[in-house]
Amino acid sequence: MWGYYLEQLIGSLPLFLKGLGITAAVSILSLVGGTIIGFFLGVIRAGGIKPVRFLIGGWVDLIRGTPFLVQLFIVFFIFPDVGIHLDALPAAVLSLTNLSACFICEIVAGGILAVPAGQKEAAAASGLSAYQQMRYLVMPQAMPTILPPLVGQYVLLIKDSSVISVIGVVDITRVGWLTVQRIPEGLMVFGLVGILYFIICYPIIRFSNLLEKRMKFGKYRF
Amino acid sequence: MGNTGFEKKITLLRPNDIKPTFFKKIAAMGIKDMITFKNVNKWFGKHHVLKEINLNVEPGEVLVVCGPSGSGKSTLLRCINRLESLQSGEIIIDGIKVHGRETNITKLRAEIGFVFQQFNLYPHMTAIENITIAPIKVRKLKKEVARKLGQEILDKVGLGDKAGSYPSQLSGGQQQRVAIARGLCMQPKIMLFDEPTSSLDPEMINEVLDVIRNLANEGMTMIVVTHEMGFAREAANRVAFIDEGRLVEIAPPEKFFKNPKNERTRLFLSKILAR
Ligand SMILES: Nc1ncnc2c1ncn2[C@@H]1O[C@H](COP(=O)(O)OP(=O)(O)OP(=O)(O)O)[C@@H](O)[C@H]1O
Ligand SMILES: [Mg+2]
């Protein structure tokens, strides 16, 4: 029996690879989008005017304090009520991008605030514009603090993306659900699902560890 | 002494240093102030930190400012390059209102070197990178030109061989001299020093004061917040005493030290000179 199922499973490997592709595509899109938006928000959160800082802080807390599944349902099932109709895939990317932007915002703001205030003052005093202060002095010093948790966040994002299977996106997890209906050997099927996630995440985890070591002993001296 | 800072500047300038604007200024007559405080008031919330400050600093003048901790010395300096805002009054630098709405503040700051008590060097950059970043990004100097200028200035502060060192590889005195070089590299009109030697070990104080003394001799307009009264005596044109946000006394050093008018100045001096 086991051998038969294994053969079947190998037969549905193309489907798994397709799921892998979807998971990778959704992850990369929201990871890139989330990073860009997250950095943008983080910089404002650390140094913008009060009402805007407060607004971003509120939004970030709201998103971090509610389950991702609920956020996804709201985008997919409630948005249409107010006239925003999104297919499953765009809805998934939008929700994931928002989620990662919020986490990355906090990471970036934390890194920026960890740079001593005197650094910015010295740069301002020598005539550098706010943008130049950020670009040449604050960010380079904040990056060692930001990078390790940022990469860690990417791993979380990829794993969190499995939630999007519930609205019908055929990612790896969804492929697992579909397959297990034909091959009732759950351990085997979801074992494969797990392995596929691990294959994507493991290199990133290693990279994150490497970065952490680099940042500790690297060229940034304090 | 008796020299005003302005006369000093004339005698010490080399001929090719004298710019046409210099003569225009003389022609315009009356010595134009480099720094002017007019009824300046500064509050931090309910705390009145600077009270009705009136003050002029002439081109080439060296003003030493002293006063007890918390009296507002740092705040006074930080208002000059708008690191702090004012609540009333105005500060005018070389004819430009510092806190004016239309004032291009980054442009104005480029003309004012600021040296902090804690150095505030950029830890991720070498000494030469520390001092050339602003000339390159603000003055738009070519990198090679800036480096050459930077190297000259490092030579001048006695750190010609430290161009490639990171701040963490330098002693406190060396770091503070790099910080001074960073200000000078912008070729500013004014240098401001906020207790430049008070976080240094005693044996390093003089190497920093020497650099500041040389600047004074070259005719740089400077305000130096310091409690180094020996330095004040020889290098300052005038010494000011600030207490609880008020400019209590300002006088040439011989008068300030021998014959202070105000009782509080006397008390402060006796305390500080007894140390
Ligand atoms: N950012 C700030 N917010 C609120 N109060 C401040 C701030 N900066 C300074 N103060 C207060 O303003 C007063 C003057 O401070 P300032 O730093 O100018 O004093 P100082 O004369 O430089 O003292 P010190 O010799 O200790 O450096 C102090 O009472 C200080 O607590
Ligand atoms: Mg101070």
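The largest share of the lining of the second largest pocket, six residues, is supplied by α7(A). The structure is a predicted model. Chain A contains nine helices and zero strands, whereas chain B includes an open sheet of six strands and an open sheet of four strands.

- Elements of chain A that give two or more residues to its lining are α2 (13-47), α6 (117-125) and α7 (130-160).
- In total, 15 residues line the second largest pocket, and those nearest its centre are Lys120(A), Ala130(A), Tyr131(A), Gln133(A) and Met134(A).
- By residue class, the lining of the second largest pocket consists of seven nonpolar, two polar and six charged residues.

- From the N terminus on, the elements of chain A follow the pattern α-α-α-α-α-α-α-α-α.
- The C-alpha trace of chain A spans about 75 × 50 × 25 Å along its principal axes.
- Two packed helices are described by the angle between their axes and the distance between the axes.
- For α2(A) and α7(A), the axes come within 11 Å and cross at roughly 145°. The crossing of α2(A) and α7(A) is right-handed.
- On the α2(A) side, the contact is made by Ser27(A), Ser30(A), Leu31(A), Thr35(A), Phe39(A) and Val43(A). On the α7(A) side, the contact is made by Met134(A), Met139(A), Met143(A), Ile146(A), Leu150(A), Tyr154(A), Leu157(A) and Ile158(A).
- The residues of the contact of α2(A) with α7(A) comprise eleven nonpolar, three polar and no charged.

**The largest cavity**

- Rolling a probe the size of a water molecule over the atoms shows where empty space is left.
- In the whole structure, a search finds one cavity of 30 Å³ or more. The largest cavity holds about 80 Å³ of space.
- The largest cavity is lined by 13 residues, and the closest to its centre are Ala122(A), Ala125(A), Ser126(A), Phe114(B) and Gly183(B).
- Both chains contribute elements to this lining: α6 of chain A, and β6 (112-115) and α7 (172-184) of chain B, each supply at least two residues.
- The lining of the largest cavity divides into eight nonpolar, three polar and two charged residues.
- The helix α6 of chain A gives two or more residues to the lining of the second largest pocket, and α6 of chain A also supplies at least two residues of the lining of the largest cavity.

**The six-stranded sheet of chain B**

- The open sheet of six strands in chain B has the order β6-β7-β8-β3-β9-β10, with mixed pairing. Its edge strands are β6 and β10 (246-251) of chain B, each of which pairs on one side only.
- Neighbouring strands of this sheet are turned against each other by 15° on average, direction ignored.
- Strand β7 (residues 190-194) of chain B runs parallel to strand β8 (residues 221-225) of chain B, and five bridges join the two. Within this pairing, Leu192(B) stands opposite Ile223(B) in β8(B).

**The four-stranded sheet of chain B**

- The open sheet of four strands in chain B has the order β2-β1-β4-β5, and its pairing is antiparallel. Because β2 (47-57) and β5 (96-97) of chain B each have a single partner strand, one side of each is left without a neighbour in the sheet.
- Seven bridges join β1 (residues 35-44) of chain B to β2(B) in an antiparallel arrangement. Trp43(B) stands opposite His48(B) in β2(B).
- Helix α3 (residues 73-80) of chain B packs on this sheet and touches β1, β2 and β4 (88-93) of chain B. The direction of α3 makes about 120° with that of β1(B).
- The strands β1(B) and β4(B) run antiparallel and are joined by five bridges. The bridge partner of Asn41(B) in β4(B) is Ser88(B).
- Two bridges join β4(B) to β5(B), which run antiparallel. Ile92(B) stands opposite Lys97(B) in β5(B).
- β4(B) and β5(B) form a hairpin with two residues between them. In the turn, Asp94(B) has a positive phi of about 45°.

How values were computed. Residues are numbered from 1 along each chain as its sequence is written. Chains are lettered from A and ligands numbered from 1 in the order in which they are written. This is a predicted model: local features need pLDDT of at least 70, side-chain atom pairs count only at pLDDT 80 or more; totals for chains, interfaces and linings use all residues. Side-chain values use heavy atoms; hydrogens and water are left out. On a 1 Å grid over the protein atoms alone, a cavity is a set of points where a 1.4 Å probe fits but cannot get out, and a pocket is an open set with protein on both sides within 12 Å along at least five of seven lines; lining residues have an atom within 4 Å of a point. Ala, Val, Leu, Ile, Met, Phe, Trp, Tyr, Cys and Pro count as nonpolar, Asp, Glu, Lys and Arg as charged, and the others, Gly among them, as polar. Axes are lines fitted to C-alpha atoms, for helices over the stretch in contact, and angles run from 0 to 180 degrees between N-to-C directions. A crossing is left-handed if the near helix is turned anticlockwise from the far one by less than a right angle, and right-handed if clockwise. Contact means heavy atoms within 4.5 Å. Grid points are joined across faces, edges and corners, and a volume is the space filled by probe spheres set on the points. Two strands pair if DSSP finds at least two bridges between them.
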